[in-house]
Amino acid sequence: MSNVTYETGDTAWVLTSTGLVYMMTPALACFYGGLVENKNFLNQLFLSIVCMAIIPVQWCLIGYSFTFGPGTSIFGSFEYAAQRPGSFISLSSDRNSQTIPPSAFMAFQCACAIITPALISGAVVGRMKLIPYMIFIVLWTTCCYDPLARWIFSRQGWLHQIGVIDFAGGLMIHVSSGISGLVAALILRSRVHFDPDVVNAGQTNLPFTVVGTGLLWVGWMGFNGGSALVANGVAALAIVNTNVAAASSMIIWIVLDIIHRKLNRQTSAFISIPGLCSATVVGLVVITPAAGYIQPGYAIVTGFIGGFLIHSFLSSKKRFFHIDDTLDVFSCHGLGGIVGTLLVGLFSQTDVNQKVNNGALYGNIRQLGYQTVGLLVTIGFSATCTTAILLTMHLTIGIRINRIDQVRGLDNVSHGVIDIELAGRSQRNKLAIGRRRTPERMISTVTTLEMT
């Protein structure tokens, strides 16, 4: 270990942020779980929580080394594999603060890596086999997430070097997971009984979604604020921007819900609870790439624009977007990440953060071009990796749950959980049938005795 003295305040902030980001994965499990049918509720929780078992091991063994180890602008190396002592000595080649220990930096980045594949699980609800899903998580993180994080978040990364900016992971976390979720939904095809005209099917545990939303919001302050990697004004700015963007997205969503209700000539105002929770997430997503690079006023505008665009897309998607992206991973994270990535290329200011160039609104139109390049690369690479992994698995070991098991539900099929209410109802039906048959058996017995 190095004898370098680190700033205790910065280290404490990054470690606290790491805990907040770790909390986001169980929060995501609650958020997703409340939006699915009872028969898939526990399975949906598991799909997020299992990432907390898989990704830290992958990150320790190879992921961290591939992303932040010595290497080229495209790929790291095995030099830091299994957290060899050298990985705890210097991070001078990486985009991080030199005031925190490398182990703190590694832990924070690991927490970000955990939640990314968990986001994809919302697109494959109720129809993906368990073991193939876990294999997919390992392969996708290694082949897709790690290279993207290298290109964007390492100083050696080629996208970082050409000028693409992303404060906390709008590209490598949200755009990549949104696009991958869309591709996964296409390959797995729709669920049994999927109806694109029924928007709110299966939302049976909405209190979990509300609680999950609140925890995600709190965790996101560590997610964005911790990405500054120091306890300073940039971290504070990121937290302020995070909060106002989420709030402004909620406001515009409420207004649009009311307008939509009035246009449909309905007398009372109707505000969707799942929609309001989604609005919060959309605001948090769109501000992620810009949190430490723009003024709070622009953060409000960013939240308004993101909320308006995503609400409009979700309101009209049943007319033209008949893909079973069950929990709108592509809509909220994919499109939200795209919007945020473009807007930071418009609103960024050197006066706000000296580590970033001015955006197009301040005379640097090139920044918008760099952001577009980053988007195209992220979209193309994520789609290609996900397609290659899932199609290979589909043709070899199979990834889709059969029709009968989908109807039964994955809580029972994948976890052996029996729905007590369903079992009780079945037992009551059997007793009722038995009671209806009892008089017939009694008549038969009496007739036999009389004949005797």
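**Figure 1. Asp328 sits in the loop between helix H11 (296-320) and helix H12 (329-347).** This is a predicted model, in which local features need pLDDT of at least 70 and side-chain atom pairs count only at pLDDT 80 or more, while totals for chains, interfaces and linings use all residues. Residues are numbered from 1 along each chain as its sequence is written, and side-chain values use heavy atoms, with hydrogens and water left out. Asp328 has a phi near 60 degrees, which is a positive value in a residue other than glycine. With a relative accessibility of 18%, Asp328 counts as buried, a word that stands for under 20% relative accessible area, whereas exposed stands for over 50% and partly exposed for values in between (1.4 Å probe, protein chains only).

**Figure 2. Leu229 is found in the loop between H8 and H9.** Although Leu229 is not a glycine, its phi is positive, at about 65 degrees. Leu229 is also counted as buried, because its relative accessibility is 5%.

**Figure 3. Helix H8 (residues 206-225) crosses helix H9 (residues 233-263) at roughly 140 degrees, and their axes come within 8 Å.** H8 is therefore oblique to H9, given that angles under 35 degrees count as roughly parallel, over 145 as roughly antiparallel, 65 to 115 as roughly perpendicular and the rest as oblique. The axes are lines fitted to C-alpha atoms, for helices over the stretch in contact, and the angles run from 0 to 180 degrees between N-to-C directions. The crossing of H8 with H9 is right-handed, which is the name used if the near helix is turned clockwise from the far one by less than a right angle, with left-handed used if the turn is anticlockwise. On the H8 side, the contact (heavy atoms within 4.5 Å) is made by Trp217, Trp220, Met221, Asn224 and Gly225, and on the H9 side by Ala235, Ala238, Ile239, Thr242, Asn243, Ala246, Ala247 and Met250. Sorted by class, the contact of H8 with H9 holds nine nonpolar, four polar and no charged residues, where Ala, Val, Leu, Ile, Met, Phe, Trp, Tyr, Cys and Pro count as nonpolar, Asp, Glu, Lys and Arg as charged, and the others, Gly among them, as polar.

**Figure 4. Helix H4 (residues 102-120) packs with helix H7 (residues 170-188) at an angle of about 25 degrees, their axes being 8 Å apart.** At this angle, H4 is roughly parallel to H7. H4 and H7 form a right-handed crossing. The residues that make the contact are Gln109, Cys112, Thr116, Leu119 and Ile120 from H4, together with Met172, Ile173, His174, Ser176, Ser177, Ser180 and Gly181 from H7. The contact of H4 with H7 divides into five nonpolar, seven polar and no charged residues.

**Figure 5. Helix H2 (residues 41-49) and helix H3 (residues 51-68) have axes 5 Å apart and pack at an angle of about 15 degrees.** H2 and H3 are therefore roughly parallel to each other. Leu47, Ser48 and Ile49 of H2 meet Cys51, Met52 and Ala53 of H3. By class, the contact between H2 and H3 has five nonpolar, one polar and no charged residues.

**Figure 6. Thr378 belongs to helix H13 (residues 366-396).** Thr378 is buried, as its relative accessible area is 0%. The side chain of Thr378 reaches the backbone oxygen of Gly374 at 2.8 Å. When residues up to four places away in sequence are not counted, Thr378 touches Leu148, Ile152, Leu171, Val175 and Ser176.

**Figure 7. Ser272 lies in the loop between H9 and helix H10 (273-287).** The relative accessible area of Ser272 is 15%, so Ser272 is buried.

**Figure 8. Phe153 is part of helix H5 (residues 130-153).** Phe153 has a relative accessible area of 7% and is therefore buried. Phe153 and Thr67 are 86 residues apart in sequence, while their C-alpha atoms are 8.4 Å apart in space. In the chain as a whole, 78% of the contacts between residues at least 6 apart in sequence join residues at least 24 apart.

Note on methods. Helices (H or I, at least four residues) and strands (E, at least two) are DSSP runs, numbered from the N terminus. A polar contact is a pair of N or O atoms within 3.5 Å; within protein, one must be able to donate a hydrogen and the other to accept it, and residues adjacent in sequence count only if both atoms are side-chain atoms.
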